[in-house]
Amino acid sequence: MYPPIDPYETGRLDIRVSPTLIHSLYYEVSGNSSGVPVVFLHGGPGGGVDPKDRQFFNPKKYKIVLFDQRGAGKSTPSACLDHNTTWDLVADIERLREKLSIEKWHVFGGSWTFHFEGRVIIVILAQTHPNRARSLVLRGIFTLRKSELRFFYQDGTSHLFPEEWSYYVPYHGLLNDPDEKIRLGAAKAWSRWEMATSRLFVSQDSLERAEEDDFALAFARIENHYFVNDGFMRDGQLLEEQSIAKIRHIPIIVVQGRYDVVCPPTTAWALKAAWEAKESASFTFHLVPDAGHSSREPEIEKKLVEAADEVVEKY
């Protein structure tokens, strides 16, 4: 990872979605103001960005753009579900690109953004605006298929983490309970489930973050909102030939943990197979043998930095 840096620009992107609601998105720009643009897409959805996310990129070569998606992080209103869909987020990214007068940028993220870390959004963004991406760097591939959701939230990861599953199950279905204390308890249980299962060795720091009221509510409510609505897509839509065909010309690097139980390697492999079914641009696949899901796993972190270094030189 590169040394910590501070942004040289911060701002808000305000989107009025109704007479009474404005989604105000926090964004920041760091690194080299004349550098090659890269946008970092956080996971969740609902996770928000972290200052450490700037450190994946060489600050002498990159103009680094980070932002919090609707309802996440410093964006307001916090945890808001109104006018908050996959397609709204894709439109927001395009609005931000135009606001910053960026023609094309590298797109970097994973999962969806904390555990998503942008992976679904990256693919959809590229498919919707295929001429705006210089390259794609993805971690922990997730395409929101029902089989993927079933594995993590019903019958799969629970077999590997029975003690954490027993903590989570009593709160299942209570995120929208009318009692505020019950909602908060459910949000913390939901967040803890992901934090506890994201690394090869459980991180105490991640578990503590799941206990933060604001983070837990935004992360759990927004993520659940997307998942119960199937990501506002058809099942398997992102891997359909008509979708992949739009982005085969974009170079892609995938970094996947072998022991990722949030987004198992089978989905990354399915993406690779779909991508390479016809002639395509470069598809580089790194299966990290000693890692789980998190971008903070040491070897995944290393591979992501190497990927960012590679694409800024090549593309």
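Visitor: Which residues lie nearest the centre of the second largest cavity?
Guide: Trp105, Val107, Leu125, His129 and Arg132 do, out of 10 residues that line the second largest cavity. A cavity here is a set of points on a 1 Å grid, over the protein atoms alone, where a 1.4 Å probe fits but cannot get out, and a lining residue has an atom within 4 Å of a point.

Visitor: What sort of model is this?
Guide: It is a predicted model, in which local features need pLDDT of at least 70 and side-chain atom pairs count only at pLDDT 80 or more, while totals for chains, interfaces and linings use all residues. Residues are numbered from 1 along each chain as its sequence is written, and side-chain values use heavy atoms, with hydrogens and water left out.

Visitor: Which elements supply the lining of the second largest cavity?
Guide: Strand S5 (105–110), helix H3 (119–128) and strand S6 (133–139) each give at least two residues to it. The largest share, 3 residues, comes from H3. Helices (H or I, at least four residues) and strands (E, at least two) are DSSP runs, numbered from the N terminus.

Visitor: What about Arg132 and Glu103, how far apart are their closest N and O atoms?
Guide: They are 2.9 Å apart, and the two residues form a salt bridge. That pair also links distant parts of the chain, with Glu103 in the loop between H1 and S5, 29 residues from Arg132.

Visitor: Is Glu103 buried or exposed?
Guide: Glu103 counts as exposed because its relative accessibility is 55%. Arg132 is partly exposed at 26%, and Glu94 is buried at 11%. Buried is under 20% relative accessible area, exposed over 50%, and partly exposed in between, with a 1.4 Å probe and protein chains only.

Visitor: How many salt bridges in total?
Guide: The whole structure has 20. One of them pairs Arg145 with Glu148, the closest N and O atoms being 2.6 Å apart. Both Arg145 and Glu148 are buried.

Visitor: New topic. Where is the cis peptide bond?
Guide: It runs from Thr76 to Pro77, with omega near -5°. Pro77 is in the loop between S4 and H1. Lys74 lies in the loop between strand S4 (62–67) and H1, and Lys74 is exposed, with a relative accessible area of 52%.

Visitor: What is phi at Leu144?
Guide: Near 65°, a positive value in a residue other than glycine. Leu144 is in the loop between S6 and helix H4 (146–153), and counts as buried at 2% relative accessibility. Phe232 is not a glycine either and has a positive phi of about 60°. Phe232 lies in the loop between helix H8 (213–228) and helix H9 (241–244), and is partly exposed at 26%.

Visitor: Last one, the surface. Which residues make the nonpolar patch?
Guide: Leu200, Phe201 and Tyr259 make it, with an area of about 360 Å². Patch residues have over 30% relative accessible area and no salt bridge, and nonpolar side chains (Val, Leu, Ile, Met, Phe, Trp, Tyr) are joined within 5 Å, like charges within 9 Å. Areas come from the Shrake-Rupley method with a 1.4 Å probe, and for residues only the protein chains shown count as cover.

Visitor: Where is Phe201 found?
Guide: Phe201 is in the loop between helix H6 (180–197) and helix H7 (204–209). At 68% relative accessibility, Phe201 counts as exposed.

Key:
Salt bridge = Lys/Arg side-chain N within 4 Å of Asp/Glu carboxyl O. 1 Å grid on protein atoms, 1.4 Å probe; cavity = no way out; pocket = protein on both sides within 12 Å on 5 of 7 lines; lining within 4 Å.
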